[in-house]
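Subject: Structure handover

Hello,

Here is the structure you asked to take over. My notes on it follow below.

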Amino acid sequence: MKLLTHNFLSSHVKGVGPRGFPLRLQASEVRIMPVEFNPDFVARMIPKLSLGEVPTEPIQGYEQNEDFLRTMHHILLEVEVMEGTLQCPESGRVFPITRGIPNMLLSDEQTEA
Amino acid sequence: MATGGRRPEHGGPPELFYDKTEARKYLRNSRMIDIQTKMAERALELLCLPDDKPCYLLDIGCGTGLSGDYLTDEGHFWVGIDISPAMLDAALDREAQGDLLLGDMGQGIPFKPGSFDGCISISAVQWLCNANKKSDIPAKRLYCFFTSLYSVLVRGARAVLQLYPENSEQKFSPQLELITTQAIKAGFTGGVVVDYPNSAKAKKFYLCLFSGPSTFLPKGLNEVKDEEVARQSTFMNKRVPYRTARSGVVRNSGAMRKSREWVLEKKERRRRQGKEVRPDTQYTGRKRKPYF
């Protein structure tokens, strides 16, 4: 699972709603996988990320700063979490990650449906 | 995959149907691979994403990553959800480039609002219509799926879901009705595009859902020889002279070659590629005197 995806993942446990974000990530095994650099894509994704305590106005002209984009590209797209867990901040439910695939299956009681 | 005979959804839940043996078919059977890839191509076309822009897409029921591979080839980044561990294992073996999640679409899509620029699904959504556990109510699962899908899409984004509705040969398919009703309840507009409606084998259903204001629904493909007509139609108010229309000089985007719009579009494309382009002025693309 790439860190970019982790930034968008949210818990869909019943009753949790927007408080199910962000999922707390505990990684026990991580891998670096090279991915072709696409500055357009990285620049477009940056405003959509939730980066915790960060100054609300991003540095002007970040789209042109190639070093910055390459660093973000490496962090978001090349770091793969292979083993670990994701935890819902509201309900405490844990979603395990095996072979890079998070298991998001819920039990019947936890499903909205 | 539904064929003329028994539907796989009647035999049990998808995580059991899509076992290692079934997964292997997606890896080996060239006909299956071909069909799935073609449907992914058509779905991406119906998604109408902006040209040359890499997008973050969702693939529902991604399976072995066949459709995902097509998305990667087109330069997009994607996340796939599937309920079958065997299919996802096969996707790992094929080194699918997108992120994979083990999940049940009927439980909702676990992402924050406005995450994805678009969504495709190939041959998956019809599985929601069959209740496999006593506690399953198909309508509720469909509603949960569609409401969460609506939420995770960027405003104005589309979802194109290719599916095999039961009783599609008949005039009225209750399953298709059920699915579209839940989609509308969730806030989507759109409709069903049917390709090759007269061919039992080639007929394909694409549920095209829009999360923004209503737009024109693309035309379904037909066996008509001049396929340009049956493809996506762009709507222009101008009349194109018959002679020019016949010579194929009108492009897909509606701009006639060498017209001012075409020049402006080309300059914009080159700017996006990062090339140096002269600024647009009142003189851009203006008609020159014949001896210019």
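Four salt bridges are counted between chain A and chain B. This is a predicted model, and everything below was computed from it. One of the salt bridges joins A:Arg44 to B:Asp117, with 3.5 Å between the closest N and O atoms. On the side of chain A that touches chain B, α1 (3-8), α2 (39-45) and β4 (101-102) of chain A each supply at least two residues. That side of chain A is made up of 16 nonpolar, nine polar and eight charged residues.

Taken as a whole, the interface brings 33 residues of chain A into contact with 34 residues of chain B. The size of an interface is often given as the accessible area lost when the parts come together. Here chain A and chain B bury about 2,700 Å² between them, and 59% of that lies on carbon and sulfur atoms. The polar contacts across the interface of chain A and chain B come to 16 residue pairs, counting those with both residues at pLDDT 80 or more.

Chain A

Chain A contains three helices and four strands. Read from the N terminus, the elements of chain A follow the order α-β-α-α-β-β-β. Along the principal axes, the C-alpha atoms of chain A fill a box of roughly 50 × 30 × 20 Å.

The four strands make an open sheet with antiparallel pairing, in the order β1-β2-β3-β4 of chain A. At its edges are β1 (24-32) and β4 of chain A, each of which pairs on one side only. Eight bridges hold β1(A) against strand β2 (residues 79-87) of chain A, in the antiparallel sense. Within this pair of strands, A:Ala27 is opposite A:Gly84 of β2(A). Packed on the sheet is helix α3 (residues 66-78) of chain A, which touches β1 and β2 of chain A. The direction of helix α3 of chain A makes about 60 degrees with that of β2(A).

Two details involve the loop between α1 and β1 of chain A. The peptide bond joining A:Phe21 and A:Pro22 is cis, with omega at about -5 degrees, and A:Pro22 lies in that loop. The other detail is a salt bridge between the side chains of A:Arg19 and A:Glu90, at 3.2 Å from N to O. This pair links distant parts of the chain, 71 residues apart: A:Arg19 is in the loop between α1 and β1 of chain A, and A:Glu90 is in the loop between β2 and β3 (94-98) of chain A. Over all chains, the salt bridge count is 18.

Chain B

Chain B has an open sheet of seven strands with mixed pairing, in the order β3-β2-β1-β4-β5-β7-β6. The edges are formed by β3 (99-102) and β6 (189-195) of chain B; each has a single partner strand, so one side of each has no neighbour in the sheet. On average, neighbouring strands of this sheet are turned by 15 degrees against each other, direction ignored.

Strand β1 (residues 56-60) of chain B runs parallel to strand β2 (residues 77-82) of chain B, and five bridges join them. Here B:Tyr56 is opposite B:Phe77 of β2(B). Two helices lie across strands of chain B. Helix α4 (residues 66-73) of chain B lies across β1, β2 and β4 (116-122) of chain B, at about 170 degrees to β2(B). Helix α5 (residues 85-93) of chain B lies across β2 and β3 of chain B, at about 165 degrees to β3(B).

B:Gly61 is in the loop between β1 and α4 of chain B. Which residues does B:Gly61 contact, leaving aside its neighbours within four places in sequence? They are B:Ile81, B:Asp82, B:Ile122 and B:Ala124. B:Gly61 and B:Phe116 are 55 residues apart in sequence, and their C-alpha atoms are 16 Å apart in space. The other residue is B:Ser123, which has a positive phi of about 55 degrees although it is not a glycine. B:Ser123 sits in the loop between β4 and α6 (138-152) of chain B.

Regards

Note on methods. Residues numbered from 1 in each chain as written. Chains lettered and ligands numbered in written order. Predicted model: local features only at pLDDT ≥ 70, side-chain atom pairs only at ≥ 80, totals over all residues. Heavy atoms only, no water. Contact = heavy atoms within 4.5 Å. Buried area = accessible area lost by both parts, 1.4 Å probe. Polar contact = N/O pair within 3.5 Å; in protein donor to acceptor, adjacent residues only side chain to side chain. Nonpolar A, V, L, I, M, F, W, Y, C, P; charged D, E, K, R; others polar. Pairing = 2+ DSSP bridges. Axes fitted to C-alpha atoms, helices over the stretch in contact; angles between N-to-C directions.
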